[in-house]
Amino acid sequence: MGSLTATATTESGSNMEQFLCDRLLDPTQPISERFRALFSLRNLKGSAPRNALIQAIRDSSNLLAHEAAFALGQMQDYEAIPALTSILNDLSLHPIVRHEAAEALGAIGLESSLAILKNSLALDPAQEVKETCELALKRIEEMNANGTSDGSSMIEKSPFMSVDPAAPAASCSSIDELRAALLDEEKSMYERYAALFALRNQGGDEAITAIVESLGAKSALLKHEVAYVLGQLQNKDASAALSRILRDQNEHPMVRHEAAEALGSIADEQSIALLEEFSKDPEAIVSQSCEVALSMLEYERSGKSFEYLFMQDPLAQC
């Protein structure tokens, strides 16, 4: 009886996994449904989820493709390195996808990725990709200097359960010192990221104010990470600044997209109205981000989990 139960459980898990992979890779599905599948697969192990995410990093939706690369980095899956390397090398792909491939290589953290990251730092035409390679190189080099090779011990997961592109600055640093480092255009990108994550981890009104202030930085890469962090913090005091970013048609799409997702996390009435307005934005990365954010809110308000609803009865969703 026990073996029959185990077999049934295995088959059910296999069916669910296949359903999620198929849903992720089905371009006829709404982008929000494909994201639900992606978020679910990110929490699974094995070749099937990995291979589906690897296929998704060449999807026609740049938003989905970049999120798939991010997921592979967060999973720290060594087997994904060849695919991520190929993405980083492919200059025909959108910079947001190449950027996320570089960040994922840094998150996985193997020394073997140093050469490709150095090459892209020198040759990639997109500034946001160059800056991401700079971050990833520093992250891997620091791990090697501390005697690690897999990213697991030198830079721990954040309190927000994310694998961050930089270790937070020393906890003894004051808010003023961290703010000064974050806003200093002469500092390296790694130092500014380190200050950002330290401010996030400290929290509080002064830290939030400093983080919001850095949305005026010159670097699109830094601003997109700032918006991401504000979404993690879910602080309503950031709504006005994030709304300005989303409304700014001249802002880099990667920054506007993160602002949209952060507003979805904050989820006050004004934020929701703005997401509805910009779900029709001509920039697909922005409009799709708004669509996904609104869908996530809908599930959360109904008391359901955006990704884990699939885990309950996936075949009933077909």
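A salt bridge is taken here as a side-chain nitrogen of Lys or Arg lying within 4 Å of a carboxyl oxygen of Asp or Glu. In the structure described here, which is a predicted model, Asp77 forms such a salt bridge with Arg50, and the closest N and O atoms of the pair are 2.8 Å apart. Because Asp77 lies in the loop between α4 (62–75) and α5 (81–89), whereas Arg50 belongs to helix α3 (residues 47–56), the pair ties together parts that are 27 residues apart in sequence. With a relative accessible area of 13%, Asp77 is buried, and Arg50, at 15% relative accessibility, likewise counts as buried, the cut-off for a buried residue being a value under 20%.

The structure holds 13 salt bridges, among them one between Arg98 and Asp124, whose closest N and O atoms are 2.7 Å apart. Arg98 is found in helix α6 (residues 95–108) and Asp124 in the loop between α7 (114–123) and α8 (127–145), so that this pair ties together parts separated by 26 residues in sequence. Arg98 and Asp124 are both buried.

A further salt bridge is formed by Glu33 with Arg36, where the closest N and O atoms are 3.0 Å apart. Through salt bridges that share partners, Arg23, Glu33 and Arg36 are joined into one network.

The packing of two helices was also examined. In general, two packed helices are described by the angle between their axes and by the distance between those axes. For helix α14 (residues 253–266) and helix α15 (residues 269–278), the axes come within 9 Å and cross at roughly 140°. Angles over 145 degrees would count as roughly antiparallel, and α14 and α15 are therefore described as oblique to each other. The crossing in which α14 passes α15 is left-handed. On the side of α14, the contact is made by Arg256, Ala260, Leu263, Gly264 and Ile266, while α15 contributes Ser271, Leu274, Leu275 and Phe278.

Notes. Residues numbered from 1 in each chain as written. Predicted model: local features only at pLDDT ≥ 70, side-chain atom pairs only at ≥ 80, totals over all residues. Heavy atoms only, no water. Axes fitted to C-alpha atoms, helices over the stretch in contact; angles between N-to-C directions. Helix = DSSP H or I, 4+ residues; strand = E, 2+ residues; numbered from the N terminus. Parallel < 35°, antiparallel > 145°, perpendicular 65-115°, else oblique. Left-handed = near helix turned anticlockwise from the far one by under 90°. Contact = heavy atoms within 4.5 Å. Buried < 20%, exposed > 50% of the residue type's maximum accessible area, 1.4 Å probe, protein only.
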